[in-house]
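Dear colleague,

Please find the structure below, handed over for your own work.

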Amino acid sequence: MEGENMKVTFVSNYINHHQAPFCEAMSQHLGGDYYFIQTQPMEEERIRMGWGENLDELPYLLLYYEKEEECRRLIAESDVVLFGGVEDESFIAGRLQAGGLTVRLSERIYKDGQWKAVSPRGLLKKYQDHTRYRKKNVYLLCCGGYVASDFHIVRAYPDKMFKWGYFPRLVEYDIEELLEKKRMRRNAEGKVSLLWAGRFIDWKHPEHAIEAAARLKQEGYDFSLTMVGGGELAEKLKAMAKEKEVAEEIVFAGFQKPEEVRRYMEQADIFLFTSDYREGWGAVLNEAMNSGCAVVANCAVGAVPFLVMPDKNGLIYPNKNTELFYDRIVSLINQPEKMEALGREGYRTIAEEWNAEAAAERLLTVLEGLLSGRVEFAEKGVLSRAPVISPKRMYRHLTAGEGRDL
């Protein structure tokens, strides 16, 4: 078995339902030689969203704040330490100094804009945490399409950056049966079902979905829009729906547990993903594609450059271009065959490539190579080379097909 006799420890702020399937797959391969160290308790808001359920039952989970000595020993002695989601570098400082194989997982470091790289204080911090290890036994798993570009600015991890992401639970469907159910519901109701899911906060731009709904109604389209989630903008969005006279077409479903969000996705025809560059990954994209939805996604979302092949398994639009966002939605409503084709290919992308089991198997192969001094990228998809493409060039890159693969 790949990974036999290899001890791997994953250190992160906390485990959640987006990471648990990958951890389960790693545990299946490595048995008692896989550990996840949680460095801090989960925030109350995320617990209310259902992120923290059953975590105390995970055999590989250790809480640093309860078993510090054991955790410190594991970090020092493991063959490989995966390190992600922790700002406190002290957890791995000793390991880095000792030269132990360390693989970092990171979302963007310049979510608010790469212009922030001019900060002398920020550059010093990036040098201390990353750049000074550019020739050391440290590698980077890029959780999003813009991560490699950010780290390239600070000259970290040259030729050592791999495509990575989050891997929510894979639900296996008979995709043709699922699409038939969507079709039957659509025909029975006489309308297309749109879905938006996430927290109601500014950088996720839920207002763009409502604006699109208002225009669809004005232009005579039959549709429904379900908004799953909640947050600081909830009342403002409800007022906006009334003001734009689409309150009857929009259902505000509130916060739902992850498995309930999947039920909404199974019913929906089109999934709208409107977040901007501050969305480091966006695991709802994996889930919506897994659920056979045709996705219309902002290119700025971190997961989009890795998961979406425009016009093959989803549609994308440039950041802030709400006109093209609307046009993409209309094109799917007007072409149900295309809508189903994108949903079908989106499902295949997740079921065959971007899922926890595939990621775990490929990672173990890569780790074995790294332990032997070899850097071996996959040919495509998970753990292939993460290309350095700036945010301003990404949309053109994706739509022009410049060497585009999964």
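In which loop is the place of His205? His205 sits in the loop between β8 (192–197) and α8 (207–218), where helices (H or I, at least four residues) and strands (E, at least two) are DSSP runs numbered from the N terminus.

Some conventions come before the rest. This is a predicted model, in which local features need pLDDT of at least 70 and side-chain atom pairs count only at pLDDT 80 or more, while totals for chains, interfaces and linings use all residues. Residues are numbered from 1 along each chain as its sequence is written, and side-chain values use heavy atoms, with hydrogens and water left out.

Backbone angles

His205 has a positive phi of about 50 degrees although it is not a glycine. With a relative accessibility of 17%, His205 counts as buried (under 20% relative accessible area; exposed is over 50% and partly exposed lies in between, with a 1.4 Å probe and protein chains only). Arg155 is a residue other than glycine with a positive phi, near 60 degrees. Arg155 is found in the loop between α6 (147–153) and β7, and counts as exposed at 63% relative accessibility.

Leaving aside residues up to four places away in sequence, Tyr34 is in contact (heavy atoms within 4.5 Å) with Val8, Phe10, Phe22, Cys23, Met26, Ser27 and Tyr60.

Helix α1

Helix α1 (residues 20–30) is mostly covered, with 9 of its 11 residues buried. Among them are Phe22, Cys23, Met26 and Ser27. The elements that cover the buried residues of α1 include β1 (8–12), β2 (34–38), β4 (80–84), β7 (161–164) and α15. Just after α1, Gly31 takes a positive phi of about 60 degrees.

Cysteines

The structure holds 0 disulfides (pairs of cysteine sulfur atoms within 2.5 Å). Cys23 is buried, at 0% relative accessibility. Cys299 is likewise in no disulfide, and the nearest cysteine sulfur, that of Cys142, is 16 Å away. Cys299 is buried, with a relative accessible area of 3%.

Cavity

The count comes to 1 cavity of 30 Å³ or more. Here a cavity is a set of points on a 1 Å grid over the protein atoms alone where a 1.4 Å probe fits but cannot get out, and lining residues have an atom within 4 Å of a point. The largest cavity has a volume of about 40 Å³, a volume being the space filled by probe spheres set on the points, which are joined across faces, edges and corners.

Leu179, Lys182, Arg186, Ala268, Asp269, Gly292, Cys293, Met339 and Glu340 line the largest cavity. Both α7 (175–189) and α14 (336–352) supply at least two residues of this lining, and α7 gives the most, with 3 residues.

Kind regards

Key. 1 Å grid on protein atoms, 1.4 Å probe; cavity = no way out; pocket = protein on both sides within 12 Å on 5 of 7 lines; lining within 4 Å.
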